[in-house]
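Reader: Hi! Could you walk me through this structure?
Author: Happy to. Have a look at it, and then ask away.

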Amino acid sequence: MEKYLSMDELNDVFRQLGSQYKIMAPAYEHFGGRFAHTDNLLYQEVKSAEQIVWKKKSHFSPKEVVLPITETLFYFNGDELRESRIDPRPTLLFLRSCDIHALERLDHMYLKNGGNADYYYEMKRKKLKLILLECSSSFENCFCVSMGTNQTDNYDAAVRFSDDGLHIQINDNSLKPLFETVGTETDYQPQFVQSNPTTVRTPDQVCDDPNLIRQILQNDPSWAQYDSRCIGCGRCTTSCPTCSCHSVFDVAYDENPTQGERRRQQASCMTGDFTNMAGGHKFREKTGERLRYRALHKVNDYKAREGTNHMCVGCGRCDDRCPQYISFTTIVNRMTDIVEQHLIDRQKEKADV
């Protein structure tokens, strides 16, 4: 089913949907931005079509819909446990093609990795209906085409917004009855970005051995420059749609220490205490070491384990958010250049012998 709806018709649908669905989309958090009197663009529940910000890339990803920054897993009272409640309504989630691919990476980490599905992630994930938010053109710092995430067919509906209304293609049969009596029939197929101003080459494009890639890059001296440049704030990881690290801890209530809750909270491999161990040992004390770890995971190690895709989806949010203007795309391209040069040098050495 393909239709065109005016903004008034779309808002009528939103009003009908309100009791049945939770609608999550990029929307402004007023005066919540990085600088004074600026807005933050993040995923929130919306009640009207006008709230959806479709002309800009969100500052934070839709990851937080299924992986909240902090969530209570269960409550305890002595030897009694009570599962935390979640909104029973299914969720309509408006998101870009790259973010749909990112959700697939999270699905692997939380539903397939280790052979066990994460119960709390799975509960929220099952409720999602994905609404593809079409990109009319590439945003700044995006490199989705290089990462192969600019296109997808994994969606329940697709939309193209305009100032006057939207085109919608509906694939999910449970959503079609909501649109049968509104809008006008049209011929709409979602379009996808075919090029980005920013491009990257990943190391596996010049070397098919992930172990060798890691070996070459592990001790490369170029990472040392980030010991002073990177401040280890973790902004790149909080905005990243595929970062999945977290901490789990118990909170005992002051009034009664036998009562409390177990919480899961997002964590960042870029912060100084991420690798802390008993006895005060740390694996990666320098920020350059942490950045190396993160970069290798995004464009080498994850694919080596998962087998098909890199964890990075090329959304460019890490470049957008870094207060030190460290470019992840520059890092990835330099990693590839280093691996390529190493292989060239090794071939020359063999030829000389």
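Reader: Which strands does helix α1 lie across?
Author: Helix α1 (residues 7-17) lies across β1 (2-6), β2 (22-29), β6, β8 and β9 (165-170). The helix runs at about 100° to β1. Such angles run from 0 to 180 degrees between N-to-C directions, and the axes are lines fitted to C-alpha atoms, for helices over the stretch in contact.

Reader: And what does α3 touch?
Author: α3 packs on the sheet, touching β3, β6 and β7. The direction of α3 makes about 150° with that of β7. Contact here means heavy atoms within 4.5 Å. Helices (H or I, at least four residues) and strands (E, at least two) are DSSP runs, numbered from the N terminus.

Reader: Before I go on, what kind of model is this?
Author: This is a predicted model, where local features need pLDDT of at least 70, side-chain atom pairs count only at pLDDT 80 or more, and totals for chains, interfaces and linings use all residues. Residues are numbered from 1 along each chain as its sequence is written, and side-chain values use heavy atoms, with hydrogens and water left out.

Reader: Thanks! What is the strand order in the sheet with eight strands?
Author: The order is β3-β2-β6-β7-β8-β9-β1-β10, in an open sheet with mixed pairing. Its edge strands are β3 (40-45) and β10 (184-185), and each of these pairs on one side only. Two strands pair if DSSP finds at least two bridges between them.

Reader: How many bridges join β7 to β8?
Author: Three bridges join strand β7 (residues 128-133) to strand β8 (residues 157-161), and the two run parallel. For a spot to look at, Leu133 has Val159 in β8 as its bridge partner.

Reader: What about the sheet of four strands, what order does that have?
Author: That open sheet has the order β5-β4-β12-β11, with antiparallel pairing. At its edges are β5 and β11 (246-252), each pairing on one side only. From one strand to the next, the twist averages 25°.

Reader: How many residues sit between β11 and β12 in their hairpin?
Author: Six residues lie between them in that hairpin. β11 and strand β12 (residues 259-266) pair in the antiparallel sense over seven bridges. Along that pairing, Ser247 has Gln265 in β12 as its bridge partner, and Ala252 stands opposite Gly260 in β12.

Reader: Which residue in β12 partners Glu71?
Author: The bridge partner of Glu71 in β12 is Arg264. Strand β4 (residues 70-77) and β12 also pair in the antiparallel sense, over seven bridges.

Reader: New topic: is Tyr121 buried or exposed?
Author: Tyr121 counts as buried because its relative accessibility is 0%. Buried means under 20% relative accessible area, exposed over 50%, and partly exposed in between (1.4 Å probe, protein chains only). Tyr121 lies in helix α4 (residues 119-125).

Reader: What is Tyr121 in contact with?
Author: Leaving aside neighbours within four places in sequence, Tyr121 is in contact with Val66, Leu67, Leu103, Leu106, Asp107, Tyr110, Leu111 and Arg264. That Arg264 is the β12 residue partnering Glu71.

Reader: Where is His101, and what does His101 touch?
Author: His101 is in helix α3 (residues 97-112). Not counting residues up to four places away in sequence, His101 touches Gly148, Thr149, Gln151, Thr152 and Val313. His101 is buried, with a relative accessible area of 12%.

Reader: And why does Arg89 count as buried?
Author: Because its relative accessibility is 18%. Arg89 lies in the loop between β5 (80-83) and β6 (91-95).

Reader: Which side chain does Arg89 make a polar contact with?
Author: The side chain of Arg89 makes a polar contact with the side chain of Glu45 (3.2 Å). A polar atom of the Arg89 side chain also lies 3.1 Å from the backbone oxygen of Gly18. A polar contact is a pair of N or O atoms within 3.5 Å; within protein, one must be able to donate a hydrogen and the other to accept it, and residues adjacent in sequence count only if both atoms are side-chain atoms.

Reader: Last one: how many helices and strands does the protein have?
Author: The secondary structure comes to 11 helices and 12 strands. Buried residues make up 47% of the 353 residues.
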